[in-house]
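Hi everyone, thanks for making the time. I'd like to walk you through one model today, so let me put it up on the screen.

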Amino acid sequence: MAGTGHDAVSHTALSNTLRSLLAGGIAGSLAKTTVAPLERVKILFQVHNLPVSMMQSIRHIVKHEGVPALFKGNTAVCVRIFPYSGIQYVAYDYCKARFFPPDARNATAIQRLSAGACAGVSAVACTYPLDVVRVRLACQSVGGAHPQYKGIVHCLFKISRDEGGVSGWYRGVVPTLIGIVPCEPA
C-alpha cells in the first residue's frame, strides 16, 4: 500500500529539520573554530599568569606548544554544538506544544519564555559534560608539565574516576542552568 499524504509530510518535515540542524551545526562549528584561539587565551588569562597582551600570549602558546594548542578544547565545543542544537530544537517544539495555545501566534511572552527556558535547560543538562571537558582541555598548563588530559574521552574518564563518578561531569552546572533560563526565550 502506498504511503499516505501524512507520511510524505512527516518525511519532508524530518528532512527539513535534519538539514537545518546540520547547517546550524556546521555554521556553529565554523564560528567557534574561528574564535577558538581568542577563547583559549581568554581562559588562560583567567586561570594562569600569562604575558600582558593577547598577542604576547598567542606567541607564547605557539612557541611552547605549537599552533594546534590555540585550538585546545575546540573539538569538544564543536562536538557539543550538534547535540545541543538538536536537543534544544526538539525540546522547544515539545514545550511549545505543551505551553502554547493551538494557534502559536497567540502565545504569551511567559509561554514563549517558559518553552525557551525548558529547551535551554534540557540542552545544557544533556551537553554540560562537554563544556566541562572543553574548559579542562583549554586550561591545561602552557609550556608546563605534561598535559593532564589527552582528549575528550580521556578527560571524561579521568573526571569520572577521580572526581566522584558522573557527578564530576556536572560540577558547576547549577549556576549555568540558572543563567540559561533568562537567556533562552523564543
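Let's begin at Met 55, which sits in helix α2. One thing to keep in mind as we go: this is a predicted model.

Is Met 55 buried, exposed or partly exposed? Its relative accessible area is 43%. Buried would need under 20% and exposed over 50%, so Met 55 counts as partly exposed.

Together with Val 35, Leu 38, Phe 45 and Met 54, Met 55 makes a nonpolar surface patch of about 410 Å². The elements giving two or more residues to this patch are α1, residues 5–47, and α2, residues 54–65. Which of them gives the largest share? That would be α1, with three residues.

Now, on to a helix pair. Helix α4, residues 109–139, and helix α5, residues 152–162, have axes that come within 10 Å and cross at roughly 105°. An angle from 65 to 115 degrees counts as roughly perpendicular, so that is how α4 is placed relative to α5.

And which residues meet there? From α4 we have Pro 129, Leu 130, Val 132, Val 133, Arg 136 and Leu 137. On the α5 side, they meet Ile 152, Cys 155, Leu 156 and Ile 159.

Last stop: Lys 96, in helix α3, which covers residues 74–99. With a relative accessible area of 29%, Lys 96 is partly exposed. If you'd like a distance to check on your own screen, take Lys 96 and Gly 116: they are 20 residues apart in sequence, and their C-alpha atoms are 8.5 Å apart in space.

Thanks, everyone!

Note on methods
Residues numbered from 1 in each chain as written. Predicted model: local features only at pLDDT ≥ 70, side-chain atom pairs only at ≥ 80, totals over all residues. Heavy atoms only, no water. Patch = residues over 30% accessible without salt bridge, like charges linked within 9 Å, V, L, I, M, F, W, Y side chains within 5 Å. Areas by Shrake-Rupley, 256 points an atom, 1.4 Å probe, with all protein chains shown as cover. Salt bridge = Lys/Arg side-chain N within 4 Å of Asp/Glu carboxyl O. Helix = DSSP H or I, 4+ residues; strand = E, 2+ residues; numbered from the N terminus. Buried < 20%, exposed > 50% of the residue type's maximum accessible area, 1.4 Å probe, protein only. Axes fitted to C-alpha atoms, helices over the stretch in contact; angles between N-to-C directions. Parallel < 35°, antiparallel > 145°, perpendicular 65-115°, else oblique. Contact = heavy atoms within 4.5 Å.
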